[in-house]
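Please read them with the structure open.

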Amino acid sequence: MTTIGDFRQARLGWATLLLAGLLLGGCSTQSLERESSREPPAKTARQSPDRSWGPVMEAVAMAKLYPDGKSVVDLVPKRDPAAIVADFEQLRQREGAIGKARLQAFVDANFDPRPENETRLGEDADTSIEAHIVNLWPYLTRDPADTDEGPWSSLVSLPEPYVVPGGRFNEMFYWDSYFTMLGLARSDRFDLVRDMVGNFAWLIDTYGFVPNGTRTYFLTRSQPPFFAPMVALLAEHDGDDVYRRYLPELMREHDYWMRGADEIGPGEAREHVVELADGTLLNRYHGSENWPRPEAYAAERELAARSDRPAPELYGHLRAAAESGWDFSSRWMADGQHQTTIETRDILPVDLNALLYQLERTLARSWRVQGDAAQAARFEAMAERRQSAINRVFWQQDGGYYTDYDWREGRLTDAISAAMVYPLAFGVADPARADATAATVRRELLRAGGMVTTTRDTGEQWDAPNGWAPLQWLAVAGLDRYGHDDLAETIARRWIETNREVYRQTGKLVEKYDVVDPAVGGGGEYDVVDGFGWTNGVLLDLIHRYPAAAHR
């Protein structure tokens, strides 16, 4: 059983112990400094658009001047937002209701549109998909020196270059980036892997956590915590000193996700932490705030109007789902179908807890590299207790798979989703559970074009018939880890062929795919996006892993 004292002692002691390790010869302070020729930007004083030019943002969003709500909050004010708001309020007082044409004219006079991504390359018609991905990296790479959008933009300035997903996503995203890095590694672009890990460390140092993405309106929530796997990926190339170098940020990441653990009792929750009746501590997504996400302002206001629930409660669950990366999916919905029944904060997700197990294992290794056996043993024990809890709390014995747990009702949700592969990917499962999970994946999730996300077709993008690159990769890695080589290769081969077929038809690599009837995916809050960072990274890695399957 994981106890509150374990987490409290680790949090209170890490800074002192790290300093002691430095002074007693574990490493020099110089080795922990960020090696960069660039001057790190100061912590941004910029505010989210809903705070800096909120009345204008609300009016533009609700008038639906743009088909995509993200286009609104990515507008770049041409002058001080306070002055723009003052002029807007005067306009409203003078004219009363402002029509769409007049509102659009005001926006055009006071804002620049967001920069667009260019992913349509001038390539020969027979360019291979592998060469296309390598050719895309420069188009998706942003150098902070060349991407300054001015002092009032929502973009957070980073110290080092980074890769964006593409399309509407013109900033660095958290969990996307790990899967993008897999392809950068296969392209021998460890310079960019190194830069991006450095950027994530800077974000942790600056904000105390990694935000969803590098926009001011993302600074209140995180995403699936893949910083530890990023550090491990870089360490495979640069050596174990990487663990020592990023130990402070790994500790802060853990502290962020466990914050509040020492303030709750059985059956209580605080931020991302829930304590079950028996004292077991596990984690959930939370999303921090209880009002509409700025990038989806109109849609969430309209959803709240259709719901009979208190609007702040609904907004909180929506933000938690956005933090999960699975926005949106039937796994978060009480009726398995409608967003009005969303209950993300009531759910302990198996995938999040597997990632935190990996973080604790990585911290144990980092402390060993640092030379502190006591701290290494402490985090190894934490990881072992979490492993035991995952195998106990999240296991659906009758179905033979991992699922989520509704902590308020004290029961499994029984959702059949691709999240079940996380305990395999990160070595949480025992062999018997891994074997049963593999059988469930083959029986319930395997489709003609790869692995489907859930078994329900709701119109949400994280449901059937869609498949997503990161989930395919995690399934392949996890199944291969436990000796299910044939199923791993089957998923990889089918996914590669789906990517190839859409590329043959469109010349694009896209964000998500229909894996039931292989084609471009659909559903969700916005049109399908091409580019696309994590698709490129996963595909290139799988092609390298399965060269024979890739060319059948």
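1. In this predicted model, helix α7 (residues 129–140) and helix α20 (residues 485–506) are roughly perpendicular to each other, because their axes cross at roughly 80 degrees and angles of 65 to 115 degrees count as roughly perpendicular. The two axes come within 11 Å.

2. Which residues make this contact? From α7 they are I129, E130 and H132, and from α20 they are N499, R500 and Y503.

3. A separate point concerns an open sheet of three strands, with the order β15-β16-β17 and antiparallel pairing. Its edge strands are β15 (466–468) and β17 (519–520), each of which pairs on one side only. Between β15 and β16 (residues 512–514) the antiparallel pairing runs over three bridges, and N466 stands opposite D514 of β16.

4. Helix α20 also packs on this sheet, where it touches β15, β16 and β17. The direction of α20 makes about 95 degrees with that of β16.

5. Next, S330, which lies in the loop between α14 (311–324) and β8 (347–348). Is S330 buried or exposed? The relative accessibility of S330 is 5%, so S330 counts as buried, the cut-off being under 20%.

6. The side chain of S330 makes a polar contact of 2.8 Å with the side chain of D463. Leaving aside neighbours within four places in sequence, S330 is in contact with G336, T454, R456 and T458 as well as D463.

Definitions and conventions: Residues are numbered from 1 along each chain as its sequence is written. This is a predicted model: local features need pLDDT of at least 70, side-chain atom pairs count only at pLDDT 80 or more; totals for chains, interfaces and linings use all residues. Side-chain values use heavy atoms; hydrogens and water are left out. Helices (H or I, at least four residues) and strands (E, at least two) are DSSP runs, numbered from the N terminus. Buried means under 20% relative accessible area, exposed over 50%, partly exposed in between (1.4 Å probe, protein chains only). A polar contact is a pair of N or O atoms within 3.5 Å; within protein, one must be able to donate a hydrogen and the other to accept it, and residues adjacent in sequence count only if both atoms are side-chain atoms. Contact means heavy atoms within 4.5 Å. Axes are lines fitted to C-alpha atoms, for helices over the stretch in contact, and angles run from 0 to 180 degrees between N-to-C directions. Angles under 35 degrees count as roughly parallel, over 145 as roughly antiparallel, 65 to 115 as roughly perpendicular and the rest as oblique. Two strands pair if DSSP finds at least two bridges between them.
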